[in-house]
Amino acid sequence: MEKKNLDWANIGFSYIQTDKRYVSNYKDGAWDEGVLTSDATICLNECAGVLQYAQTCFEGLKAYTTEDGRIVTFRPDQNAKRMVSSAKGLEMPPFPEARFLDAMEKTVAANAAYVPPYGSGATLYIRPYMFGSSSVIGVKPAAEYQFRMFVTPVGPYFKGGVRPLTIRVSDFDRAAPRGTGNIKAGLNYAMSLHAIVSAHEEGYDENMYLDPQTRTKVEETGGANFLFVTKDNKIVTPKSDSILPSITRRSLVYVAKEYLGLEVEERDVPLSEVAEFAECGLCGTAAVISPVGKVVDHGREICFASGMEKIGPVTQKLYDTLTGIQMGRIEAPEGWIHEIPIK
Ligand code: PLP
Ligand code: COI
């Protein structure tokens, strides 16, 4: 199969339309069998649930070309599962996990020419999502839904690749206590838009959100969880009911313990403790693990001892091990790598 002629090394994190996407519709209490289509346009009633009351959730995962030329995805079963929990949280009919995996195999295989080559620095981002498609005017769930999945080749999420980021402590919250912070609801991202635009305007790469109840503890950023490294090389990551349970973060915790022999603490992280850490990273599918050099809390600068100039040594080891597993250079734990059959 011949690859598309894209400038793989220089693509950013933006949408490039590819050949095929998967669509399945839910009507009369059942999902139809689903098809691949070339049509990237959606036609909806003006009163569709997604348009009126933001009834939509999504997922994000990646396909990689391994050193030996296979196309693989990383723990897609976890995305399928999380999408079920997001759907339930928004009163949407879950898309069955086995169907999610089947749709993913079909969508990636149909766009295999867009999977960036091994070593190019780019990957294929896979975006499954679903939304209320039938009309609702009283506040209630829609009766009909659409599940879709498209792919787009992407480069690094943060401009400039792996470089230490500067983030600010946000005055806005991304999620309410006992709200939707722990599911991947589109509405969480809508309400982060003002915060991210104003952060960028002020020269910051991202926002550090605090816990919405007390505003004293670190939660996450708009699109990634935090991992901190203590001065004695322990990993610390915030535990909270209002953050998204990142698959990357959970995988890095495993990698830290089982591959690197590091101690890991998942617990409350008071903002006042952040200055004590040696390294800080943002972890997620899009972010992979992006080093943070500086956190600015209303004019007070917290600079990480290791990691201001370049990625710190422990963050680097985590990055190398995780990406090594994803690209097939390092043996993966059982069940983490899902190969895409290409006919
Ligand atoms: N937190 C938020 C708010 C996100 O949007 C994401 C991205 O999916 C993550 C964390 C990281 O999650 P994952 O590692 O499963 O991609
Ligand atoms: C991801 O990492 O997949 C995300 O969803 C983060 C962002 C692009 C929304």
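I began at ligand 2 and looked up Tyr-125, where a polar side-chain atom lies 2.6 Å from an oxygen atom of the ligand, which I log as a polar contact, that is, a pair of N or O atoms within 3.5 Å, where within protein one must be able to donate a hydrogen and the other to accept it, and residues adjacent in sequence count only if both atoms are side-chain atoms. I note that this is a predicted model, in which local features need pLDDT of at least 70 and side-chain atom pairs count only at pLDDT 80 or more, while totals for chains, interfaces and linings use all residues. Residues are numbered from 1 along each chain as its sequence is written, chains are lettered from A and ligands numbered from 1 in the order in which they are written, and side-chain values use heavy atoms, with hydrogens and water left out.

Still at ligand 2, I found a polar side-chain atom of Lys-184 at 2.7 Å from an oxygen atom of the ligand, and a polar backbone atom of Ala-286 at 2.8 Å from an oxygen atom of the ligand. The residues around ligand 2 (a heavy atom within 4 Å) include Phe-13, Phe-58, Arg-127, Tyr-157, Tyr-189 and Thr-285.

I then turned to ligand 1, which has 17 residues around it, with Tyr-189, Glu-220, Ser-246, Thr-248 and Thr-285 coming nearest. For Thr-248 I recorded a side-chain N or O atom 2.5 Å from an oxygen atom of ligand 1, and for Ile-247 a backbone N or O atom 2.8 Å from an oxygen atom of that ligand. At Ala-224 a backbone N or O atom lies 3.5 Å from a nitrogen atom of ligand 1.

Next I looked up the domains, whose bounds come from an automatic or database domain assignment: domain 1 spans 8–154 and domain 2 spans 165–327, and their C-alpha centres lie 25 Å apart. How much area is buried between domain 1 and domain 2? I noted about 1,800 Å², with carbon and sulfur atoms giving 65%, where buried area is the accessible area (1.4 Å probe) that two parts lose on being put together, summed over both. In domain 1, Phe-58, Phe-74 and Arg-82 lose the most area to domain 2, together 34% of what that side buries.

Counting contacts (heavy atoms within 4.5 Å), I have 26 residues of domain 1 against 19 residues of domain 2. Across this interface I found ten residue pairs in polar contact, both at pLDDT 80 or more, but zero salt bridges, a salt bridge being a side-chain nitrogen of Lys or Arg within 4 Å of a carboxyl oxygen of Asp or Glu.

Last, I looked at Arg-82 again, and its side chain meets that of Glu-59 in a salt bridge (2.8 Å, N to O). This pair links distant parts of the chain, 23 residues apart, with Glu-59 in the loop between β4 and β5 and Arg-82 in helix α2, where helices (H or I, at least four residues) and strands (E, at least two) are DSSP runs numbered from the N terminus.
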